[in-house]
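Subject: Structure for you to look at, with notes

Dear colleague,

I am passing on a structure that I would like you to look through when you have time. My notes on it follow below.

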Amino acid sequence: MSEHHSARRLSRRGLLAIGGAAMAAALVGCGRDDTSGTDTDNGSGPWSFTDDRPETVTADARPDRVVAFTGSAAALVDFGLGSEIVGVFGETRKADGSVEPQAGDLDVESVEILGNVWGEFSVEKYAALRPELLVTHMYDPGAYWYVPDESKDKILPLAPVVTITTARVPMTKPIERYAQLAESLGADLSAAKVTDAKARFEAAAEAVRQAVAANPGIKVMAASGSPDLFYVSNPKVSTDLMYFAELGVDIVVPTKLEAGDYFEALSWENAGKFAADLILLDNRGTALQPTDLAAKPTWKQLPAVQAGQVTPWDAVPRFSYAGAAPLLENLAKAIQGAKKLT
């Protein structure tokens, strides 16, 4: 593994999956125009979709055997796909067999899991699925989220590939793009499941705006803890935080960024560098949770911790209205209940 690749893995995954072997790529996304370039004709005739590289991906017919990163698959399911998803890769099942949150409403029993951790992707199982389309996030231009670099030359030629930008754009952008992709693959975006979820998302976004207006001046910090470091996330890069800021949330902007600009990595001695009234704490199993952090004296000294103003944060959101609405609802509630401390 090259030094450059190691640095990219540490930087991005230092935020996205804190801890040991879970460290992965420092990925930086880029925005683009909102054109999807689809041509589906109800599944008859050629299919095409312009993704976020941007490349126009084509097939003789609409793909109906889709393999996707688990979070991508869950977003497509939220927009109405089902049996089209035949395989997934990325954290899907926990060690106890239960389903990972990022799998959402995906029917895990009905799909082949090609890999359940970073770096794991069975080329043999993938080929056996006879894939017609591969879908994944894109944090760094030209990078394929959770497709291992060491085997991508074997994986990518087996089926057309679509990537959706999931960084440096507000969260609404990848949501819209996954909706467009799902529609091109046959999903009905006018179905009640989709329109109800969008209405809930829009109401939740308005609730955040109203919470900020009703309780002004609340400083929010998005953070993730590891045994050695305290990571403060950058709202100018992370897509969910960027959107929260658009809704009026005052989010701490770290000043000494690591490669990729996703976060500032603080030693625990300096965990109090940034003043915050409310902490959004990475809630994944790969990050330290409040019970673990209680052993860190500087954590316990943070004003937001002492005031009990710490709320769970889904650091890797599911890019659909159904997946994102609860995040906004929880944020609104946390801001409503927070007291000014700093």
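Which residues in H5 are buried? Before the answer, please keep in mind that this is a predicted model. The buried residues of H5 are Thr172, Pro174, Ile175, Arg177, Tyr178, Ala179, Gln180, Leu181, Ala182 and Ser184, so that the helix is mostly covered, with 10 of its 13 residues buried. After H5 comes glycine 186, which has a positive phi, near 110°.

Part of the surroundings of H5 is H2, which packs with H5 at an angle of about 70°, the two axes being 9 Å apart. Since angles of 65 to 115 degrees count as roughly perpendicular, H2 is roughly perpendicular to H5. The contact is made by Ser72, Ala75 and Leu76 on the H2 side and by Tyr178, Leu181 and Ala182 on the H5 side, and H2 passes H5 in a right-handed crossing.

I then turned to the aromatic rings, for which the count comes to 15 aromatic pairs. One of them is formed by phenylalanine 79 and tyrosine 321, edge-to-face, with 5.9 Å from centre to centre and 85° between the planes. Because phenylalanine 79 lies in the loop between helix H2 (70-78) and strand E4 (85-89), while tyrosine 321 belongs to helix H11 (residues 321-337), this pair ties together parts that are 242 residues apart in sequence. Phenylalanine 79 counts as buried at 2% relative accessibility, and tyrosine 321 is likewise buried, with a relative accessible area of 11%.

Another edge-to-face pair joins tyrosine 139 and tryptophan 145, at 4.8 Å centre to centre and with 65° between the planes; both tyrosine 139 and tryptophan 145 are buried. These two residues also belong to a cluster linked by ring pairs, whose members are Phe69, Phe89, Trp118, Phe121, Tyr126, Tyr139, Trp145 and Tyr146.

Finally, a note on alanine 207, which is found in helix H6 (residues 192-214) and is partly exposed, with a relative accessible area of 25%. Alanine 207 and leucine 331 are 124 residues apart in sequence, while their C-alpha atoms are 9.0 Å apart in space.

With best wishes

Key: Residues numbered from 1 in each chain as written. Predicted model: local features only at pLDDT ≥ 70, side-chain atom pairs only at ≥ 80, totals over all residues. Heavy atoms only, no water. Buried < 20%, exposed > 50% of the residue type's maximum accessible area, 1.4 Å probe, protein only. Helix = DSSP H or I, 4+ residues; strand = E, 2+ residues; numbered from the N terminus. Phe/Tyr/Trp six-rings, centres within 6.5 Å; stacked < 30°, edge-to-face > 60°. Axes fitted to C-alpha atoms, helices over the stretch in contact; angles between N-to-C directions. Parallel < 35°, antiparallel > 145°, perpendicular 65-115°, else oblique. Left-handed = near helix turned anticlockwise from the far one by under 90°. Contact = heavy atoms within 4.5 Å.
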